[in-house]
Amino acid sequence: MLSKSKVTVSMANSVNICLEFSGGAELLFDMVKKHDVSLPGNSQPWTIKSLLVWIKENLLKERPELFVQGDTVRPGILVLINDVDWELMGELEYQLEENDRIVFISTLHGG
Amino acid sequence: MAASGPENSELVRLREEVAEKTREIERLKLILAERNSTSAQTKEATPALIESGNIRDVPTFQPADGLDKPSIARYSRQLILPELGVKGQLALGGTSVLLVGAGGLGCPAAVYLAAAGIGRLGLVDYDSVELNNLHRQVLHTEGKVGTPKALSAATAVKGLNSTVQCVPYHLQLDSTNALDIIKQYDIVVDCTDNVATRYLLNDACVLTNKPLVSGSALRFEGQLTVYNYKGGPCYRCMYPTPPPPETVTNCSDGGVLGVVPGIIGCLQALEVIKMAARQEVSYSQRLLLFDALDGTFRAIKLRPRQASCAVCGDAPTVTQLQDYEQFCGAKACDKTQSLRILQDNERISVQEYHTVLSSSAPHLLVDVRQPVELDICQLPNPINVPISQVSRPEQLQRLKTAVNCKLKQLEQDDKKLPVYVVCRQGNDSQIAVQHLKKLLSDLPVNVTDIRGGLMAWARKIDTSFPEY
């Protein structure tokens, strides 16, 4: 259940990052919490915005509306860039760097 | 050498005297024990319950201005901590805290706040104790099933520390009463279980300028943040738009391991204690993520207060409390709401299915719960296709094979094979029927759901069938 999945698309100048899903967001990704991914080389630098498109096309198998709405994450999902709230890092425009860790957390409401 | 006569009789007399005194001591011990238990019962006397009609009838709160001998003895182990000391202890005793939700988070938070000597503890909960609460809501006991949670928790807390002023509120916190209740407290602790009440509490705390110590838990994960404290963000700064209702999972659908809210509730008490004792809090503008499966705690730096925030921003648009159920599109409780997606002719009752089963009429039963739930209970001979997997090709293939196998049992004049879909409460089964009608459209089947699911079966057909 916690095993890592490896999704590799080999091209020049690719960016290797770690994606994590928690708070229930992992339910949309076959219960796999950690994904080491290699984003293919691109004419434009990778941003969170283009990463979301890539996730939708490559990792997200079912019910994308539970994860993305329009070009951003749905309300109630918090994005962390290297353990910092993405609001402090430029949100959708943040440019991904090698070995970045991007975490998508669904906020919990139970008690 | 044998003792002489007079010395021997002296020994006998002494022994008798010792025996006599021992009996006297035992008698006194018994009396003392009886007196102790009567006085303990008096101390555990039920605190007066506040209900919606009398929210202002809160007893006056008069903190002590010094520590008496019993208090020094009781708190001695924390009094000698330089960070707390007499000053901190008196500050704790002078603080009033409102805990909203006397459940998995509220119970542990209440225990540690009361034990530490908080002055006044308000406990709000509209609900009553159920057997399925006891694995995590550890203040309630078997004997309290059916009694209001606020009262059960207050009585337990009072038994632990009779010097704490406990105020149980048996009511649903809403836009009409939240401000009046919160105004009478210094710190608010969010131990609730639903989105609507979380937004309500946030706005009420911003409008009355109270810090909000917020915790949440589900499955094996917990989260903790302090909102609206010393210029930090509020809940709306983080989440300006409520989540779509279909993305929200409650403890009764998602499950929760009791110790997880236990840990988060304890951390909420810790933040309150530090705040009350004028120490730095740890989770203002920070989010704690606890993963019980990985055994990890991670602290995240959050955004500051947002100038654009609708309630705490520079030009707030929310200046009074709203209708939060409407705002969130969800009820202010964690009870699963009954969906009504299908038409009546697409559904059958549990009584009708009972007849089908008794007559051994050919049909296929599809149970769309998680496999772990089938281990708890099931009807005879279901095929298990979890709702999350109905559209997967391998599951569809299994289903079609089963349908074809059953079709062979049909009499010539039977036109279609009945396929009945069941789940726990009759919500997922309706969604599954919608999917299966399309997915099985190339086969002669008639897909319907069993209204009310297995819980209706347990209530109306077989009372020995487990409910969970």
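This is a predicted model: local features need pLDDT of at least 70, side-chain atom pairs count only at pLDDT 80 or more; totals for chains, interfaces and linings use all residues.

Visitor: How many residues of chain B are in contact with chain A?

Guide: On the chain B side there are 42, and they are in contact with 34 residues of chain A.

Visitor: And what area is buried between them?

Guide: About 2900 Å² is buried between chain B and chain A, with carbon and sulfur atoms giving 54% of that. Of the area that chain B buries against chain A, 19% comes from B:Glu221, B:Arg298 and B:Arg303, more than from any other three residues.

Visitor: How many salt bridges does the rule find across the interface?

Guide: The rule finds five between chain B and chain A. One salt bridge joins the side chains of B:Arg298 and A:Asp83, at 3.8 Å from N to O.

Visitor: Which element of chain B gives the most to that side?

Guide: That is β8(B), with four residues.

Visitor: What about the classes of residue there?

Guide: The side of chain B that touches chain A has 19 nonpolar, 11 polar and 12 charged residues.

Visitor: New topic, α11(B). Is that helix mostly covered or mostly uncovered?

Guide: Mostly covered: 14 of the 18 residues of α11(B) are buried.

Visitor: Why should helix α11 of chain B span 26 Å?

Guide: The helix has 18 residues, 259-276, and at 1.5 Å a residue it should therefore span 26 Å. The end C-alpha atoms of α11 are 25 Å apart, which agrees.

Visitor: What follows α11(B)?

Guide: B:Arg278 follows, and its phi is positive, near 60°.

Key
Residues are numbered from 1 along each chain as its sequence is written. Chains are lettered from A and ligands numbered from 1 in the order in which they are written. Side-chain values use heavy atoms; hydrogens and water are left out. Helices (H or I, at least four residues) and strands (E, at least two) are DSSP runs, numbered from the N terminus. The expected span of a helix is 1.5 Å times one less than its number of residues. Buried means under 20% relative accessible area, exposed over 50%, partly exposed in between (1.4 Å probe, protein chains only). Contact means heavy atoms within 4.5 Å. Buried area is the accessible area (1.4 Å probe) that two parts lose on being put together, summed over both. A salt bridge is a side-chain nitrogen of Lys or Arg within 4 Å of a carboxyl oxygen of Asp or Glu. Ala, Val, Leu, Ile, Met, Phe, Trp, Tyr, Cys and Pro count as nonpolar, Asp, Glu, Lys and Arg as charged, and the others, Gly among them, as polar.
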